Amino acid sequence: MKRLIAFFTVLLFFVSNIEMSAQSKYVKGDTTAVSGKDIVDRAMKYIGTPYRSGSMNPNRGFDCSGFTSYIFKTQNIILPRDSRSQYIAESSIDDCRDLRTGDLVFFSGSRHSSRIGHVGIVTSANPETGEFSFIHSSSRSGIVVSSSNEAYYAKRYIGACRILESEVGAPQV
């Protein structure tokens, strides 16, 4: 009888862990305690901070994935350091009309590549058109807000993923 109870206890433990998000392999922290607005409000404080390759330091500057990692870390959510690893297929968002504030958006490094080379954080999204704006660290301008309608980003958009489990939607554009 004790073995049976132990078996069911272990089984219950494994079943409850299966229900955890697939993100748990990549993302550490409570993704239910933070809203997209919290993430964006924090990110906006760094507008104008310079671009710096390989950096995630607000005093020196940020590269794109350093910026996203840093912002989520301020909310006790740990993301992988590079943009390719931040793109989590299990939480991918197939339709831009489903984007929310705080989602991550990914772009190729060049218009002829399908390899992820850039990442930003959605600041607002239009659920009817799929157009969105995002904050990111641009190699030319540092931390800025850009639009998915800009030709440079429209040609390079690869996809998006959701880190936060909050149900609060993105403000409409």
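The largest pocket holds about 270 Å³ of space. A pocket here is an open set of points on a 1 Å grid over the protein atoms alone, where a 1.4 Å probe fits, with protein on both sides within 12 Å along at least five of seven lines. Volume is the space filled by probe spheres set on the points, which are joined across faces, edges and corners.

This is a predicted model, in which local features need pLDDT of at least 70 and side-chain atom pairs pLDDT 80 or more, while totals for chains, interfaces and linings use all residues. Numbering starts from 1 along each chain as its sequence is written, and side-chain values use heavy atoms, without hydrogens and water.

Back to the pocket. Its lining has 15 residues, meaning those with an atom within 4 Å of a point. His118, Ser138, Ser139, Tyr152 and Tyr153 lie nearest the centre. Among the elements giving two or more residues to this lining are strand 5 (116–125), strand 6 (132–138) and helix 5 (151–156). Helices (H or I, at least four residues) and strands (E, at least two) are DSSP runs, numbered from the N terminus.

Next, strand 8, residues 157–161. Strands pair if DSSP finds at least two bridges between them. Strand 8 runs antiparallel to strand 3, with two bridges, and Ala160 is the bridge partner of Ile93. Strand 4 also pairs with strand 8 in the antiparallel sense, over four bridges; there Tyr157 partners Phe107.
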